[in-house]
Amino acid sequence: MAAPMMEHNNHSNNDLSPLNRTDRSKSESSSEDGNFTDDVVELVQKEIGGDLKSLKKVSGLLEKLTLENKQLEEQVLTVSSSVPLRVSAALSAAEESRVKLEALQEKERLLSNTLQQHLQGAQVWADSIGQVLGQLDTLERHMKYLQCLARIEELSDSIQQYLMTNSVWDAVGAIDRMASLDMGLRESGCSHLQAFLRETLRFWHKILKDKLASDFEEVLTQFHWPFISPPTQTLSPPANAQELNSQLELLVSQLLSLQTSDDLTAEKKETPARPGQSQATPLSLPIQIMLLPLSKRFRYHFTGNRQTNNLSKPEWYLTQVLIWMGNSSNFMDEKIQPILDRAGAKVNARVELCRGLLTLAQEKLTHDAPRLLYDDALFCHLVDEVLQFEKELRSTHSYPRAYPGVLHILLEETVFQKWLSVERKMAVEKVDAMLSTEGAWSSQYKDITDMDELKAPDCAETFMTLLLVITERYRSLLCPRAQLSFLALQKELVDDFRIRLTQVMKEESRQPLSPRYCAILNAANYISTVLSDWGDNVFFLQLQQAAVSVGEEILGPLGATETGRLASLEGSLFEALLALLERLRGDMLGRLLDAVMRDVKEKAQPYCKDRWISLPSQSEQATMSLSSSACPMMLCLRDHLLQLQQMLCLPLFQMFWQGLAERLDSFIYEDLILYNHFNEGGAAQLQYDMTRNLFPLFGHYCKRPENFFKHVKEACLILTLKVGPALLLCDVLKQSEEDEGLLNHQQPSPESALNELGIYKLAPGDVQILLNLRSAWLSQS
């Protein structure tokens, strides 16, 4: 019954598609029949089960199912009777909607035709009105044009009247209004009107500016301006000092009011900035006038055929500019600055004067620098003087770093490339010269212990001083690209010096114990130490961040890994060079250790071939003493350690003696101990030689030298074990071999047994080998 019921329910839920539902239900009937049989079986199993006594429930179950079936049939009949009525109502509503839609479409067509007819009739009126509006707009623009002309004529007449009546402030105000009108017409397309207004403004501005400038110069003359020599303090102020101060303040204030019109009238007179010069805001008008006598003097002395205009003497005009800055600073701070503050001008009088004087120096440098590109000596002198001038300008005269000085002139591409080329050439020549001197590989502080910790030879110290000087020369440059270019030059020079060290080292490699070889090693270590310190310097860390963004253009492709390390400050700009220097240092230390070990092994041959198995026991000797065959080896070790302690710097010597101890430990363990058999006397003698003679040789350099001879120390412990512990240890090791792979928690592990004896380095197998070396007396006991 469930399958028909589901079919009827699906039919009632979608009244508009009964055929589709019927077709789909037919296709699913076969599967649903199978499901129906399963449901019946499951229901009988659930209600009755396997108990025969439960058969009495069959009648009640049958009545219940019959009642449910009847209710379902009634519901299906009810739904089937209501469906045709709903379908009929839906069809009627759809037909009604269709009729309304057709009526609306017909109405829309009528309205559209009417609208088109209306638009066609109105187009004639629109064209006529557009012509009238265009004429009105043209008339309005003409009227505004005439109004502007009238306004210009009005302001011009007013300025003329004010100047005739000596009403300066009124004339200044009228010129300021004319300047405002000029700025208002900037977006206008009336070019002729703009030109007329600008010429009118320039005409009246020049007249008023010349008048005020003349009065201002007269007042400045009474203040003894310009100060060519250092100003002297008069005993008493002039009688008209108060009047002069009033006139000075009045004229400065009036000139400041002309600043806007002065900037406008100067726009077309500005010349394009030359390479190396940057555009800056115009100077204040009072400062411009104050600079005129200084500018005349500068051009008189440092242009033309004057003797003071000497290409080889840039310090003359640079020093003159600094002198004028110093002589004028007090007057600018005490007289001009208070007036500017009261007038509300946001400028610094002393800085403004320095800007004006710097313009003179910049023009001169821009003119002279290209003429010196083919004379290295004069060009170097020019760079030195410019750097010194910039340093004094920033420090002595406190010129703000926000304003350009003169260094940017050296950054013009042609000049800058010449600068880099000369720096490289001079540096290479100095390196060649210092490597050819007699004392190139000796330290100038060798007789002063406190100052000779790194024992750097003179050539290495001079080279790093050269790099430091180059750093100081480009540190003040404001362009990160230029700084990175110099950094690339420094890295190139370091690599070149490393190659030179390698070449000299190969020449000296036949005598690695010579002072010159050790000096080369000290030089490599010194350069590496200094570069490591530079990598943590704030200046180079800032360059490192700049290298992440623009470094590939100058330093070459960095790669994603290296860029990430630089950005996170994990690496340094000198990482690649440090790796190369470390390789050189490691190679040279290895050669040095090889040479010492060859000598030691040669002296140790008799000691290794002693009859260790037949030496008298400790009880048979009155006192223990060093084996006679060990004396040459010990003396050789002592001499080499003392010699190299004197020739190597402390960090290198520590690396040397630790490496030597490691090699000695392996040599004695492998070539002496494992090569021989030992009786009780031989083991005791070996332990005495090691603990009382060899280890103390290295005791001068550390507190516990035996920790660097772990193989030898632990081998001596095994060889000198008493018979009982030795037998017990041997049993433990043998038992562990037999029980290998089996878990035995009661039996101690061989490692724990060895640890109790102080054996941590040697493996159980090595200990067994050592125990077998004393088997001759062990078996007897």
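These exercises walk through a predicted protein model, each with a worked solution.

Residues are numbered from 1 along each chain as its sequence is written. The model is predicted, so local features need pLDDT of at least 70 and side-chain atom pairs count only at pLDDT 80 or more, while totals for chains, interfaces and linings use all residues; side-chain values use heavy atoms, with hydrogens and water left out.

**Exercise 1. The overall picture**

Task: State how many helices and strands the protein has, and what share of its residues is buried.

Solution: 
- Start with the elements. Helices (H or I, at least four residues) and strands (E, at least two) are DSSP runs, numbered from the N terminus. The protein has 28 helices and zero strands.
- Next, burial. Buried means under 20% relative accessible area, exposed over 50%, and partly exposed in between (1.4 Å probe, protein chains only). Of the 781 residues, 38% are buried.
- Then contacts, meaning heavy atoms within 4.5 Å. Take the contacts with a separation of 6 or more: 75% of them are between residues 24 or more positions apart.

**Exercise 2. Cysteines**

Task: Find how many disulfides the structure holds, and decide whether C354 is buried or exposed.

Solution: 
- A disulfide is a covalent bond between the sulfur atoms of two cysteines.
- Apply the cut-off: a pair of cysteine sulfur atoms within 2.5 Å. The search of the whole structure finds zero disulfides.
- Check accessibility. C354 counts as buried because its relative accessibility is 4%. C518 is at 0%, so C518 counts as buried too.

**Exercise 3. Aromatic rings**

Solution: 
- Set the rule. Rings of Phe, Tyr and Trp (its six-membered ring) pair if their centres lie within 6.5 Å; planes under 30 degrees apart count as stacked, over 60 as edge-to-face and the rest as tilted.
- Count the pairs. The structure holds 28 aromatic pairs.
- Check burial. F653 and Y701 are both buried.
- Look for a cluster. Ring pairs link F416, W419, Y474, F486, W534, F539, F540 and F574.
- A charge sits over a ring if NZ of Lys or CZ of Arg is within 6 Å of the ring centre and within 35 degrees of the ring normal. The charged end of R475 sits over the ring of F539, 4.6 Å from its centre.

**Exercise 4. Around helix α15**

Task: Describe how α15 packs against α17, then trace the contacts of R498.

Solution: 
- Axes are lines fitted to C-alpha atoms, for helices over the stretch in contact, and angles run from 0 to 180 degrees between N-to-C directions.
- Read the values. Helix α15 (residues 480–508) and helix α17 (residues 538–550) pack at about 105°, with axes 10 Å apart. The range 65 to 115 degrees counts as roughly perpendicular (under 35 roughly parallel, over 145 roughly antiparallel, the rest oblique), so α15 is roughly perpendicular to α17.
- Name the residues that meet. P480, R481, Q483, L484, L487 and Q490 in α15 meet F539, F540, L543, A546, A547 and V550 in α17.
- Move to R498, also in α15. R498 is buried, because its relative accessible area is 16%.
- List its partners. Beyond four places in sequence, R498 is in contact with L580, L581 and L584.
- Follow L580 into helix α20 (residues 575–608). L580 is partly exposed, at 26%. Leaving aside neighbours within four places, L580 contacts D495 and R498.
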